[in-house]
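Subject: Structure handover

Hello,

Here is the structure for you to take over. My notes on it follow below.

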Amino acid sequence: MDDQTRMLASMAGLGGLSQADVSDPDSVRKQQSLGQPPQDIGDILQQIMAITDESLDEAQARKHALNCHRMKPALFSVLCEIKEKTVLSIRGVQEEDPPDPQIMRLDNMLLAEGVSGPEKGGGSAAAAAAAAAAGGSPNDGSIEHSDYRAKLAQIRQIYHSELEKYEQACSEFTNHVMNLLREQSRTRPISPKEIERMVAIIHRKFSSIQMQLKQSTCEAVMILRSRFLDARRKRRNFNKQATEVLNEYFYSHLSNPYPSEEAKEELAKKCAITVSQVSNWFGNKRIRYKKNIGKFQEEANLYAVKTAVDAANVSAQASQANSPATPNSGKVHRKT
DNA sequence: ATGGATGATTGCTA
DNA sequence: TAGCAATCATCCAT
């Protein structure tokens, strides 16, 4: 160990090394008190310093010669040690930084939307939710559904191809830097640990690019969602059968067109829509009927006849004629 | 392209 | 909190 200390001191004394490499004041002091270093090391260092002034070919030859020198491994490790103590300890403070909460949120969202997960995972669930929220008929719903899915798949594809590109570029660049550093480590004090750190730095930089990609993908998905899931935007008329069922109920309960919660559930089930859609429908129907009874008269008569016929059929089939629901021709009575 | 129809939303009331 | 009234946003037949 004493040998090494002396060697270290001698290197510092040669003055050609960068400040970073010899900034340990302790070693400088030691050097001053230790006297003449072995000529051997002095020579080597002189040669190293001279390389910068030489032509490339000469330098290559000198590099090779230095590489084969018997003192090289020892010198190398000492220089690495110094470097480790000075520059790298400052630069590489934040080692294993904890997973960024921002990137975790993005990852979770992309997974939930089925962008980053397996092919037919969350995406279809989200689209199904969209269809359910829209409450349209199965036919209409599936049109929107497939449209949404197609757009989502497009985003997904772009995301994955970009991600792949980034990853490829990252590994290419990392390889390049690693090769470069390995090559340089033949003449410069670069420890494997330092190379490792450099790789980590590169990965961090690339992951920030990745985060940007994730962010913009999330944005695209949000826009898509708001476009497709906004109920007003994707409003679909109920299918004919559903409208018929609702109208039948409305006109056969014209004196009191306020279905109970149970009745609403029943109607919702029959029409394949939600209870709140049934409520909306009745709310709209009541107000619009009341506003212009004349306009709805024809429709009212139609459903009155329809209901009567149905009732007649039922009573004809039944052994006894129970009192059928008599169509009401009266006004809508406000429920108070 | 347009206007009426229609489902959804909002703000309010009792 | 359900329902009303007004309004919005979209659909759809013309």
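In these notes, buried means under 20% relative accessible area, exposed over 50%, and partly exposed in between, with a 1.4 Å probe and protein chains only. Helices (H or I, at least four residues) and strands (E, at least two) are DSSP runs, numbered from the N terminus.

This is a predicted model, in which local features need pLDDT of at least 70, side-chain atom pairs count only at pLDDT 80 or more, and totals for chains, interfaces and linings use all residues. Residues are numbered from 1 along each chain as its sequence is written, chains are lettered from A and ligands numbered from 1 in the order in which they are written, and side-chain values use heavy atoms, leaving out hydrogens and water.

Overall picture

Chain A has 13 helices and 0 strands. Of its 336 residues, 32% are buried. Contact here means heavy atoms within 4.5 Å. Among the contacts in chain A with a separation of 6 or more, 74% are between residues 24 or more positions apart.

Confidence

pLDDT is the predictor's confidence in each residue, from 0 to 100. Its mean for chain A is 72, and 66% of the residues reach 70 or more. Over residues 1–35 pLDDT stays under 50, and the model has 42 contacts beyond four places in sequence for them. Residues 120–143 also stay under 50, with 29 such contacts beyond four places in sequence. Where pLDDT is low, the predicted coordinates should not be read in detail.

Helix H4

The expected span of a helix is 1.5 Å times one less than its number of residues. Helix H4 (residues 56–68) has 13 residues and should span 18 Å, which agrees with the 18 Å between its end C-alpha atoms. Ala59, Lys63, Leu66 and Asn67 are buried in H4. Seen down the axis of H4, these buried residues fall within an arc of 100° (taken from the directions from the helix axis to the C-beta atoms), so they line one face of the helix. Asp57 and Cys68 are exposed on the other side of H4.

Isoleucine 190

Isoleucine 190 sits in the loop between helix H8 (138–184) and helix H9 (192–229). It is buried, with a relative accessible area of 2%. Leaving aside residues up to four places away in sequence, isoleucine 190 touches Phe76, Cys80, Lys83, Leu181, Gln184, Ser185 and Ile195.

Helix H13 (residues 293–317) has 25 residues and reaches 34 Å from its first C-alpha to its last, close to the expected 36 Å. Its buried residues are Phe296, Ala300, Tyr303, Thr307 and Ala311. Helix H10 (240–252) and helix H12 (275–291) are included in what covers them.

Rings of Phe, Tyr and Trp (its six-membered ring) pair if their centres lie within 6.5 Å; planes under 30 degrees apart count as stacked, over 60 as edge-to-face and the rest as tilted. The whole structure holds 10 aromatic pairs. One of them is edge-to-face, between tyrosine 249 and phenylalanine 282, at 5.6 Å centre to centre and 90° between the planes. This pair links distant parts of the chain, with tyrosine 249 in helix H10 and phenylalanine 282 in helix H12, 33 residues apart. Both tyrosine 249 and phenylalanine 282 are buried. Ring pairs link Tyr249, Phe250, Tyr251, Trp281, Phe282, Tyr289, Phe296 and Tyr303 into a cluster.

Regards
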